[in-house]
Amino acid sequence: MSATNAKVDTKVTKPKFDEGRLMQVLVAPIVSEKATMVADKSNAVLFKVLQDATKPEIKAAVELMFKVDVKAVSVLNQKGKTKRFGKGTGRRDNIRKAYVTLKPGQELNIGGEAA
(Lines give C-alpha, C1' and ligand atoms only; values in the text may rest on other atoms or scores of the structure.)
Protein backbone atom coordinates (compact mmCIF):
# COMPACT_ATOMS: atom_id res chain seq x y z
CA MET A 1 0.00 0.00 0.00
CA SER A 2 1.18 3.44 -0.81
CA ALA A 3 1.02 6.42 1.53
CA THR A 4 -1.48 8.19 -0.75
CA ASN A 5 -4.16 5.55 -0.08
CA ALA A 6 -3.96 5.94 3.70
CA LYS A 7 -6.96 7.60 5.30
CA VAL A 8 -6.24 10.84 7.08
CA ASP A 9 -8.44 11.82 10.02
CA THR A 10 -9.29 15.48 9.41
CA LYS A 11 -11.70 15.78 12.32
CA VAL A 12 -10.73 18.69 14.56
CA THR A 13 -11.15 18.00 18.25
CA LYS A 14 -11.72 20.75 20.78
CA PRO A 15 -9.13 20.97 23.54
CA LYS A 16 -10.35 19.74 26.92
CA PHE A 17 -10.33 22.23 29.78
CA ASP A 18 -10.98 21.78 33.49
CA GLU A 19 -14.54 22.95 34.13
CA GLY A 20 -13.58 24.40 37.53
CA ARG A 21 -10.89 26.52 35.88
CA LEU A 22 -13.31 27.71 33.17
CA MET A 23 -15.76 28.91 35.83
CA GLN A 24 -13.01 31.18 37.24
CA VAL A 25 -11.62 32.55 33.94
CA LEU A 26 -14.35 35.19 33.49
CA VAL A 27 -14.05 37.63 36.39
CA ALA A 28 -16.76 40.15 35.46
CA PRO A 29 -18.54 41.65 32.47
CA ILE A 30 -17.50 45.19 31.53
CA VAL A 31 -20.48 47.49 31.09
CA SER A 32 -19.52 50.95 29.82
CA GLU A 33 -20.32 53.32 26.97
CA LYS A 34 -17.52 51.90 24.85
CA ALA A 35 -18.58 48.31 25.61
CA THR A 36 -22.17 49.12 24.60
CA MET A 37 -21.03 50.73 21.33
CA VAL A 38 -18.87 47.70 20.50
CA ALA A 39 -21.76 45.36 21.31
CA ASP A 40 -24.11 47.23 18.97
CA LYS A 41 -21.56 47.59 16.17
CA SER A 42 -19.84 44.20 16.03
CA ASN A 43 -21.90 41.83 18.22
CA ALA A 44 -19.08 41.61 20.80
CA VAL A 45 -19.13 41.48 24.60
CA LEU A 46 -16.37 42.65 26.96
CA PHE A 47 -15.19 40.66 29.97
CA LYS A 48 -12.58 41.20 32.64
CA VAL A 49 -10.60 37.94 32.73
CA LEU A 50 -7.78 36.37 34.74
CA GLN A 51 -4.25 37.60 33.95
CA ASP A 52 -3.11 34.15 32.78
CA ALA A 53 -6.26 33.28 30.77
CA THR A 54 -5.70 32.20 27.17
CA LYS A 55 -7.95 32.84 24.17
CA PRO A 56 -9.09 29.19 23.87
CA GLU A 57 -9.90 29.14 27.60
CA ILE A 58 -11.94 32.35 27.34
CA LYS A 59 -13.84 31.00 24.33
CA ALA A 60 -14.60 27.71 26.11
CA ALA A 61 -15.68 29.55 29.29
CA VAL A 62 -18.13 31.83 27.44
CA GLU A 63 -19.58 28.91 25.47
CA LEU A 64 -19.95 26.85 28.66
CA MET A 65 -21.49 29.56 30.85
CA PHE A 66 -23.77 31.34 28.37
CA LYS A 67 -24.53 28.56 25.83
CA VAL A 68 -23.62 30.69 22.79
CA ASP A 69 -21.30 30.19 19.79
CA VAL A 70 -18.16 32.34 19.86
CA LYS A 71 -16.66 33.55 16.58
CA ALA A 72 -13.45 35.15 17.90
CA VAL A 73 -11.68 36.38 21.02
CA SER A 74 -9.40 39.41 21.19
CA VAL A 75 -7.44 40.12 24.35
CA LEU A 76 -5.74 43.25 25.65
CA ASN A 77 -3.70 44.00 28.75
CA GLN A 78 -4.41 47.37 30.36
CA LYS A 79 -1.68 48.71 32.65
CA GLY A 80 -2.81 50.03 36.02
CA LYS A 81 -2.64 53.79 36.49
CA THR A 82 -0.39 55.40 39.07
CA LYS A 83 -2.50 57.61 41.34
CA ARG A 84 -1.64 60.02 44.12
CA PHE A 85 -3.19 59.96 47.57
CA GLY A 86 -2.01 63.06 49.39
CA LYS A 87 1.77 62.79 49.59
CA GLY A 88 1.90 59.09 48.78
CA THR A 89 1.41 57.32 45.50
CA GLY A 90 -0.47 54.13 44.74
CA ARG A 91 -1.10 52.00 41.73
CA ARG A 92 -4.26 50.41 40.37
CA ASP A 93 -4.22 46.76 39.37
CA ASN A 94 -3.43 45.68 35.82
CA ILE A 95 -6.53 44.46 33.96
CA ARG A 96 -6.82 41.87 31.18
CA LYS A 97 -9.86 42.45 28.96
CA ALA A 98 -11.40 40.07 26.46
CA TYR A 99 -13.49 41.19 23.48
CA VAL A 100 -15.64 38.14 22.71
CA THR A 101 -17.24 38.34 19.24
CA LEU A 102 -20.32 36.17 18.84
CA LYS A 103 -21.42 34.42 15.65
CA PRO A 104 -24.26 36.06 13.67
CA GLY A 105 -27.66 35.38 15.22
CA GLN A 106 -26.19 34.78 18.67
CA GLU A 107 -27.09 37.10 21.56
CA LEU A 108 -25.71 37.29 25.08
CA ASN A 109 -27.87 38.88 27.77
CA ILE A 110 -25.65 39.93 30.69
CA GLY A 111 -28.26 42.01 32.53
CA GLY A 112 -30.48 39.01 33.15
CA GLU A 113 -33.74 40.82 32.38
CA ALA A 114 -36.30 38.98 30.27
CA ALA A 115 -36.66 40.14 26.69
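User: In what order do the 4 strands of the open sheet lie, and with what pairing?

Analyst: This is a predicted model, in which local features need pLDDT of at least 70, side-chain atom pairs count only at pLDDT 80 or more, and totals for chains, interfaces and linings use all residues. Residues are numbered from 1 along each chain as its sequence is written, and side-chain values use heavy atoms, with hydrogens and water left out. Helices (H or I, at least four residues) and strands (E, at least two) are DSSP runs, numbered from the N terminus; two strands pair if DSSP finds at least two bridges between them. Here the order is 1-2-6-3, with antiparallel pairing. Strand 1 (26-29) and strand 3 (70-78) are the edge strands, each pairing on one side only.

User: How many bridges join strand 2 to strand 6?

Analyst: There are 6 bridges between these antiparallel strands; V49 has R96 of strand 6 as its bridge partner. Strand 3 pairs with strand 6 (residues 95-102) over 8 bridges, also in the antiparallel sense. In that strand, R96 is the bridge partner of N77, and L102 that of V70.

User: Which strands does helix 3 touch?

Analyst: Contact means heavy atoms within 4.5 Å. Helix 3 (residues 55-66) packs on the sheet and touches strand 1, strand 2, strand 3 and strand 6. Helix 2 (residues 33-42) lies across strand 2 (44-49) and strand 6.

User: How many residues of strand 6 are buried?

Analyst: Buried means under 20% relative accessible area, exposed over 50%, and partly exposed in between (1.4 Å probe, protein chains only). Strand 6 is mostly covered, with 6 of its 8 residues buried.

Note on methods: Axes are lines fitted to C-alpha atoms, for helices over the stretch in contact, and angles run from 0 to 180 degrees between N-to-C directions.
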